[in-house]
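Subject: Structure for you to look at

Hi,

Here is the structure I promised to pass on.

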Amino acid sequence: MPAGINLLGLLSPPQSATLSICTMPAPYDLTGRTAIITGSSSGNGRAIAIALAEAGVNIVGVDLNPHQPKGFEEDQPQTIDLVRDIYKVQSAFVQGDAAKEETWEKVVAAALQLNGRIDILVNNAGILGKVGPLHECTLAQWNRIMDVNLTAVFLGVKAVMPTMLAQEARPGSTRGTVITIASNAAHHGAPDKAPYCTTKGALVSLNKALAVDYGRQGIKSITVSPGIIATALNAQELADPSKCVNYRSQTPWPRFGRVDEVGSAVLFFASDASDYCNGTDFNMDAGYIVA
Ligand SMILES: NC(=O)c1ccc[n+]([C@@H]2O[C@H](COP(=O)([O-])OP(=O)(O)OC[C@H]3O[C@@H](n4cnc5c(N)ncnc54)[C@H](O)[C@@H]3O)[C@@H](O)[C@H]2O)c1
């Protein structure tokens with residue numbers, strides 16, 4: 001029994017008079033676990049990699065490009081070098097398209113080389129895709145956003161699940177965790193973004209199905225659904241204040257979010273502190289959806 005007692009410990013008879021139910025384990029020490037993060041080179045994915053690495057997680061990044069995009073601190077170290085040099089965790093990078101099956105063979109091999117486990121899968125890579133009325137969207141544009149935002153998640157789960165199912169559960173905790181970055185656009189009709197909204201809504205549904213299918217085997221599944229976070233994904237839109245004035249004014253706390261706030265949310269769900277959560281969609285948008 002560790003010095004602290006976790007929530008599962010409350011079900012067991014105390015083994016020592018010195019145990020206190022107020023004493024919690026350090027939930028954010030995830031030393032030695034391994035996470036795969038898609039879209040790790042910029043924006044939310046980079047912040048997620050940093051948040052997890054700070055907690056001791058080894059990082060396998062997957063991205064089309066190793067660098068941050070133009071205009072976004074391109075002179076800063078690549079994510080995978082940053083987490084290795086600053087947080088001293090092991091790291092690997094696979095350059096490839098998360099929507100292609102062959103990428104996932106390389107990703108799983110790279111992850112298993114680190115310490116033989118895959119504890120956390122973060123499906124983060126995503127694109128906004130075609131913006132405008134749906135009837136102006138071509139089939140090719142529609143298919144690409146479905147591939148990147150949705151099919152890539154299917155492929156990631158398909159590739160990683162055999163390893164997660166085969167590995168031992170962590171003592172008193174999970175066998176593995178799947179965290180998917182959806183969006184609050186899953187829950188409202190964001191103007192001119194029908195394909196994007198469609199994929200994000202589907203991810204929230206997929207998450208519930210994963211929670212049911214794999215929860216019994218100790219694998220928890222979560223979606224994190226941010227509002228507007230200033231990244232390369234929406235740089236064009238945010239450069240035109242008239243496009244987001246309504247969004248901002250309709251938000252009870254009228255501000256946009258930051259990538260480090262998405263990183264913090266993912267860290268919580270990657271940690272044992274959130275082990276009673278499964279199938280949860282965590283909306284984080286300063287109250288926009290509930291207003
Ligand atoms: N920025 C926001 O306001 C916001 C809000 C809600 C949800 N999200 C979600 O957050 C996730 C990350 O977006 P972001 O805002 O950080 O954008 P971003 O453009 O800064 O980062 C996306 C990263 O994914 C990579 N990527 C794109 N397609 C890929 C593919 N097919 N395979 C591998 N990598 C690929 C890009 O190269 C990039 O590094 C997305 O799923 C997005 O939908 C963003």
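Predicted model: local features only at pLDDT ≥ 70, side-chain atom pairs only at ≥ 80, totals over all residues.

One term before anything else: I call a residue buried if 20 or more other C-beta atoms lie within 10 Å of its own, exposed if 12 or fewer, and partly exposed in between. With that in hand, take strand β4: I120 and V122 point one way from it, L121 and N123 point the other way, and all are buried.

The chain has a mean pLDDT of 92, with 91% of its residues at 70 or more. The part to treat with care is residues 1-20, where pLDDT stays under 50. For that stretch the model has 15 contacts beyond four places in sequence.

**The sheet**

What is the order of the strands in the sheet? There are seven of them in an open sheet, ordered β3-β2-β1-β4-β5-β6-β7, and the pairing is parallel. At the edges sit β3 (91-95) and β7 (280-284), each of which pairs on one side only. From one strand to the next, the twist averages 15 degrees. As background, strands of a sheet pair through backbone hydrogen bonds, either parallel or antiparallel.

Here is how some of the neighbours line up:

- β1 and β2 are parallel and share five bridges; I37 has G61 as its bridge partner in β2.
- β1 and β4 also run parallel, joined by three bridges, and I37 stands opposite V122 in β4.
- β4 (residues 120-123) pairs with β5 (residues 176-181) in the parallel sense over four bridges. L121 has V178 as its bridge partner in β5, while N123 stands opposite T180.

**Around the ligand**

The ligand is surrounded by 29 residues, and the closest are G39, G43, G126, T231 and L233. By class, this shell has 14 nonpolar, 13 polar and two charged residues. α1 (43-54), β2 (58-63) and α4 (139-166) each supply at least two residues of the shell. The largest share, three residues, comes from α1.

**A few single residues**

W142 is found in helix α4. Is W142 buried, exposed or partly exposed? It counts as partly exposed because 16 other C-beta atoms lie within 10 Å. Leaving out residues up to four places away in sequence, W142 touches C137 and P195. W142 and P195 are 53 residues apart along the chain, yet their C-alpha atoms are separated by 6.4 Å.

T280 lies in strand β7. With 17 other C-beta atoms within 10 Å, T280 is therefore partly exposed. T280 and P69 are 211 residues apart in sequence and 31 Å apart in space, C-alpha to C-alpha.

Finally, two backbone angles to check. Most residues other than glycine have a negative phi. E73 has a positive phi, near 50 degrees, and is not a glycine. E73 is found in the loop between β2 and α2 (79-87), and it counts as exposed because it has 11 C-beta neighbours inside 10 Å. A286 is not a glycine either, and its phi is positive at about 60 degrees. The place of A286 is in the segment after β7, and A286 is buried because 20 other C-beta atoms lie within 10 Å.

Best wishes

Note on methods:
Residues numbered from 1 in each chain as written. Near = placed C-beta within 6 Å. Nonpolar A, V, L, I, M, F, W, Y, C, P; charged D, E, K, R; others polar. pLDDT = per-residue confidence, 0-100. Contact = placed C-beta atoms within 7 Å. Pairing = 2+ DSSP bridges. Axes fitted to C-alpha atoms, helices over the stretch in contact; angles between N-to-C directions.
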